[in-house]
Amino acid sequence: MPTPPSASGYAKVILLGEHAVVYGQPALAAALSLGVRAERVANDGALRVEVPAWSVTARPEDGTRLGEALAAMAAVVERHAGEPPEGLLRVTFEVPIGAGLGSSAAMAVALARVMRPEAGDAFVLEAAAASERVFHGNPSGVDHTTSTVGGILRFTRGGDPPCEPLTALAPLPLLIAQMEPGADTGEMVAGVRARLDREPEIVTQLLEWMGALTRHAESALSHGDAPRLGELMDLAHGALVSLGVSTAALDRGCHAARRAGAWGAKLTGAGGGGCLIVLAPEASQAAVAAALEAEGAMRVLTTWAGAGRPST
C-alpha cells in the first residue's frame, strides 16, 4: 500500500529580540527540526481537516476559526490551480500548541504543501499567510516565513525585506521546555508598552540594548560560537525580566538549566508563561532535561534550531 502524501512545516523559536522587535529592533527566528505534519488520508469528497490533538474535523466555513482558515487557504488554492482542494487531511503536532512556537503557521505550511505538492514557496507563503491572518489578524509574517524557508532569519519590522536569511555554521542543539501555559500575547505586548510610557528613557535604552544583543548573536552564529550565543541568551533573558514579561517558573527553569551545564537559557515569545529555549551541548542535554523536569516543566523536547527546509 503506498504511503499517503504528506508534508511538514517547521515550528520556530525567537532566539533573541522578542518585544524589542515591536519597536524596530531586529529579532532572530530559527526553524526547529520539530513542527507540524499533514498527510492526505483520502482524496474524495469536500475538503476537511482532522486534528486529533483538538478532537475536531473542520471544514471550510463551518463556523470555527480553523474552518475560516481553511476557507482562506482554499481560496488561494483555487486562484492558483483553478479548482478548490478536496479530500481528507490529517494534522499531527510535534510541539506544544499555543506556546509561542509558531504551531498555527507550521500547520498552515504543512497543509498548503499537501494541498498542492507541486507548488513552490511563493504559493506556500501566500496560502499560509491567508491562514495566519484568520488566526492572528495582522501577523508579522515571521512565523510562516520561517516555517516555509527554514534556517535562521533576521526579522526587522518594516524592513525591506522584513525577513533575511542568516548563515550559521551548524544547527543549534536546543531543548524546549514548556514551564507553564502560554499567556495572551496582546496583554504582554501592552504591558511592555505601559512600562515604556512610564519610563520612556530607561525602557528605550533597554530595547536598544536588546537590539545590540541580537546583532552580537548574529556574529556568534556566523562564527559557530555556541558558548557566546548562550551567554547572549542569558543577557537577553535578563532584559526580558526587566521588561516584566518573565515569571518565577521561567526564571527558575533558566537557573536550573545553567546549573546543569547549559550554555544559556531564556524565555521565547511573548512571555508570561509558555516556553524556555535552552542551548546546551549534547553531552549535557540529559542532565539539563532532568533539571527542568525537577523544576516542574510540563514538557521537555530536544530539537535542533536552524534546520533546513521542511521535508516533503
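This is a predicted model: local features need pLDDT of at least 70, side-chain atom pairs count only at pLDDT 80 or more; totals for chains, interfaces and linings use all residues.

Q: Which residues of H4 are the buried ones?
A: They are Val 142, Asp 143, His 144, Thr 145, Thr 146, Ser 147 and Thr 148. H4 covers residues 142-149, and seven of its eight residues are buried, so the rest of the structure largely encloses this helix.

Q: What follows H4?
A: Gly 150 does, and its phi is positive, near 75°.

Q: OK, zooming out. What domains does the chain have?
A: The domain assignment gives domain 1 (6-166) and domain 2 (172-305). Their C-alpha centres lie 24 Å apart.

Q: How many residues are in contact between the two domains?
A: On the domain 1 side there are 27 residues, in contact with 40 residues of domain 2. About 2600 Å² is buried between the two domains, and carbon and sulfur atoms give 68% of that area.

Q: Which three residues supply more of the area that domain 1 buries than any other three?
A: Leu 16, His 19 and Tyr 23, which supply 27% of the area that domain 1 buries against domain 2.

Q: What about polar contacts and salt bridges across that interface?
A: Between domain 1 and domain 2 the count is two salt bridges. There are also 11 residue pairs in polar contact across the interface, counting pairs with both residues at pLDDT 80 or more.

Q: Which strands of domain 1 supply at least two residues of the side that touches domain 2?
A: Strand S1 (6-16), strand S2 (27-46) and strand S6 (152-155) each do. The largest share comes from S2, with seven residues.

Q: And how does that side divide into nonpolar, polar and charged?
A: The side of domain 1 that touches domain 2 has 19 nonpolar residues, five polar and three charged.

Q: Back to salt bridges. How many are there in the whole structure?
A: A search of the whole structure finds 12. One of the pairs is Arg 90 with Glu 50, whose closest N and O atoms are 2.5 Å apart. This pair links distant parts of the chain, with Arg 90 in strand S5 (residues 86-93) and Glu 50 in strand S3 (residues 48-51), 40 residues apart.

Q: Is Arg 90 buried, exposed or in between?
A: Arg 90 counts as partly exposed because its relative accessibility is 25%. Glu 50 is partly exposed as well, with a relative accessible area of 23%.

Q: Where does Glu 218 sit, and what does it pair with?
A: Glu 218 forms a salt bridge with Arg 154, and the closest N and O atoms are 2.8 Å apart. Glu 218 is in helix H6 (residues 200-222) and Arg 154 is in strand S6, 64 residues apart. Glu 218 is buried, at a relative accessible area of 18%.

Q: What about Glu 118 and Arg 116?
A: Their side chains meet in a salt bridge, at 3.1 Å from N to O. Glu 118 counts as exposed at 57% relative accessibility, whereas Arg 116 is buried, with a relative accessible area of 14%.

Q: Last one. Where is His 237, and what does it touch?
A: His 237 lies in helix H7 (residues 226-242) and is buried, with a relative accessible area of 4%. Leaving out residues up to four places away in sequence, His 237 touches Ser 246, Asp 251, Cys 254, Arg 258, Ala 265, Lys 266 and Leu 267.

Key: Residues are numbered from 1 along each chain as its sequence is written. Side-chain values use heavy atoms; hydrogens and water are left out. Domain bounds come from an automatic or database domain assignment. Contact means heavy atoms within 4.5 Å. Buried area is the accessible area (1.4 Å probe) that two parts lose on being put together, summed over both. A salt bridge is a side-chain nitrogen of Lys or Arg within 4 Å of a carboxyl oxygen of Asp or Glu. A polar contact is a pair of N or O atoms within 3.5 Å; within protein, one must be able to donate a hydrogen and the other to accept it, and residues adjacent in sequence count only if both atoms are side-chain atoms. Helices (H or I, at least four residues) and strands (E, at least two) are DSSP runs, numbered from the N terminus. Ala, Val, Leu, Ile, Met, Phe, Trp, Tyr, Cys and Pro count as nonpolar, Asp, Glu, Lys and Arg as charged, and the others, Gly among them, as polar. Buried means under 20% relative accessible area, exposed over 50%, partly exposed in between (1.4 Å probe, protein chains only).
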